[in-house]
Amino acid sequence: MITKKDFERPDGRKVDEMRPITAKVGIIPNADGSAMFSFGDTIAIAAVYGPKKMHPQHQQDPEKGTLRCNYNMLSFSVTERIRPGPSRRSTEISKITEWALEPVLMIDKYSNMVIDVHISIIQANASTRCAGINAAALALAHAGIPMTDLVSSVSIGKLDKQLVVDVSKKEEDWEEGEGATDIPITLTHNGKLTHIQLDGKITSKQLKEAIELAREATQKIYEIQKKALKEIGE
Amino acid sequence: METSRLTGERIKQYLAEGKRFDGREPDEFREIVIETGVSKNAEGSARVLIGKTEVLVGVKMDVSAPYPDSQDKGNLMVTAELLPLSSDRFESGPPKFPAIEIGRIIDRVIRESKFIEMEKLCIKEGEKVWTAFIDIYSINDDGNLLDAAGIGAIAALKSAKMPKYDEETEKVVYGEFTNKSIPLSKDTPLSITFHKIGDSFIVDPTREEEDISDTRVTIGSMNGLISSMQKGDHNSISIEEMGNVLDLNEKVYKDIFKKIKRFFK
């Protein structure tokens with residue numbers, strides 16, 4: 001039994017209901033590709049520059065192109081101001097984002113080249129890395145980078161014993177019962193995992209259910225991403 | 001992409017006849033659009049578009065000890081980041097001079113005009129004062145980020161609400177706002193940058209125009225009073241030209257203020 005109907009989420013959503021999603025492609029004129037993606041109050045924007053020659057030269061890979069992601073939270077995107085610039089957290093999320101996106105990118109031919117993806121979180125209410133990955137996938141597609149598939153990302157939460165889809169800040173801070181477990185998951189449209197992280201505690205059985213929930217949610221996100229890509233207005 | 005020499009030459013030829021590529025007058029800004037409240041967790045925030053140039057500015061308030069030389073006044077901290085997201089010219093890494101300069105100039109526009117009533121940001125003299133953090137981010141650079149940053153800082157401050165402060169714990173209750181605004185002066189300072197290209201002066205350069213600018217002067221003023229200024233870049237300006245710039249500033253201030261005041265409540 002995945003969903004329990006009588007569970008009450010802080011914002012009144014159904015357990016498998018995501019916050020309202022908006023996606024828009026082509027928001028930064030200077031970039032080769034760009035997009036905005038939001039889950040409710042969490043807003044991410046992404047810009048792609050490249051493929052271009054990799055500098056410094058010693059980082060060039062003659063075998064294939066390089067994807068370089070950079071995740072950044074604006075200082076005022078959270079309630080307590082964060083110092084501008086990279087942190088240990090943002091450095092890790094940048095790398096996770098690269099790993100989440102790379103499997104669908106056909107960059108073998110771009111030897112010695114780099115594709116830069118810059119992600120900024122403008123407003124944060126949890127699930128920022130998922131929103132960032134979704135925006136980045138759109139921006140890469142917008143930039144015309146050949147891709148075998150699109151990726152879509154969502155966070156699954158376990159609040160006490162209940163699984164929920166698209167975790168908000170209030171839910172992330174859940175303290176009752178078993179507390180909160182946060183599981184951001186990224187899947188390709190054809191159902192391959194390219195990213196999963198977990199903080200908290202959960203049984204293998206329930207984690208399998210969580211992945212199933214993510215599968216359903218990312219199919220919905222995929223449709224929204226596809227629609228946004230079709231709506232590019234120049 | 002750098003602006004080619006050929007394009008630069010053509011811009012100069014046009015300007016010698018008082019013309020610009022996009023048909024604007026030399027002292028005319030592109031369309032300005034301001035949107036406030038773009039980031040809910042910030043005490044105040046604004047998105048400013050000048051043509052295709054876009055910046056995001058946020059205001060955060062925090063409580064800390066005052067500086068030794070201003071025991072009864074709040075603090076102000078302005079930073080700017082030129083995000084690599086906004087142009088292929090900007091790289092990741094510690095802020096370089098152009099970003100530092102934007103932060104410094106906008107800091108002075110606000111500080112020296114006394115736009116924020118700093119003495120009202122004192123909670124307990126010598127012990128607790130508010131600090132206003134203004135953080136500026138470039139989203140798309142098509143020239144004149146500097147003036148966009150200034151307008152954004154003003155708009156974000158005007159839209160800001162003070163956070164809740166718990167007198168007992170002497171800490172800010174983050175995420176909860178009062179309905180009190182930041183204490184600001186009635187008048188609005190503006191920072192306007194004038195660029196010299198050949199023998200002409202223009203405002204609000206596009207990326208291409210900014211690239212071939214010989215030198216620039218940024219003037220922060222309010223009510224006809226100048227309170228901050230910076231001449232940037234290598235070339236010189238004659239005394240007569242400087243006089244013309246000062247006259248032009250009064251006109252352009254009025255033009256811009258007319259354009260943007262509808263965005264301020």
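Q: Is E170(B) buried or exposed?
A: E170(B) has 12 other C-beta atoms within 10 Å. The structure is a predicted model, in which local features need pLDDT of at least 70 and side-chain atom pairs count only at pLDDT 80 or more, while totals for chains, interfaces and linings use all residues. Residues are numbered from 1 along each chain as its sequence is written, and chains are lettered from A and ligands numbered from 1 in the order in which they are written. A residue is buried if 20 or more other C-beta atoms, placed from the backbone, lie within 10 Å of its own, partly exposed in between, and exposed if 12 or fewer do, so E170(B) counts as exposed.

Q: Which loop of chain B holds E170(B)?
A: The backbone of E170(B) has a phi near 55°, a positive value in a residue other than glycine. Most residues other than glycine have a negative phi. With strands taken as DSSP runs of E of at least two residues, helices as runs of H or I of at least four, and both numbered from the N terminus, the place of E170(B) is the loop between β7 (161-166) and β8.

Q: What is the phi of D233(B), a residue other than glycine?
A: D233(B) lies in the loop of chain B between β12 (225-232) and α5 (239-260). D233(B) counts as exposed because it has 11 C-beta neighbours inside 10 Å. Its phi is positive, near 75°.

Q: What is the radius of gyration of chain B?
A: The C-alpha atoms of chain B fill a box of roughly 65 × 35 × 35 Å along the principal axes. The globule rule, 2.2 Å times the number of residues to the power 0.38, refers to a radius taken over C-alpha atoms. For 265 residues a compact globule would be near 18 Å, which agrees with the value for chain B, 19 Å.

Q: What percentage of the residues in chain A is buried?
A: Chain A consists of four helices and nine strands, which run β-β-β-β-α-β-α-β-β-α-β-β-α from the N terminus on. Its radius of gyration is 18 Å, in agreement with the value near 17 Å that a compact globule of 234 residues would have. Among its 234 residues, the buried share is 50%.

Q: Which strand supplies the largest share of the side of chain B that touches chain A?
A: Taking residues as in contact if their C-beta atoms, placed from the backbone, lie within 7 Å, 29 residues of chain B meet 22 residues of chain A. β3 (53-64), β4 (75-81), β6 (128-140) and β8 (171-181) of chain B each supply at least two residues of this side. The largest share, five residues, comes from β6(B).

Q: How many residues are in the largest nonpolar core?
A: A nonpolar core is a set of buried Ala, Val, Leu, Ile, Met, Phe, Trp, Tyr and Cys residues joined through C-beta atoms within 7 Å. In the largest core, A135(A), A136(A), A149(B) and A153(B) touch the most other members. Not counting residues up to four places away in sequence, A135(A) touches several residues, including M36(A), F37(A) and I119(A). The number of residues in this core is 133.

Q: Which helix of chain B packs on the sheet, touching β9 and β11?
A: Strands count as paired if DSSP finds at least two bridges between them, and four strands of chain B form an open antiparallel sheet in the order β10-β9-β11-β12. The edge strands β10 (200-203) and β12 of chain B each pair on one side only, and the twist averages 25° from one strand to the next. Seven bridges join β9 (residues 190-197) to β11 (residues 215-222) of chain B, with T193(B) and T218(B) as bridge partners. With axes fitted to C-alpha atoms, for helices over the stretch in contact, and angles between N-to-C directions running from 0 to 180 degrees, the helix that makes about 170° with β9(B) is α3.

Note on methods:
Contact = placed C-beta atoms within 7 Å.
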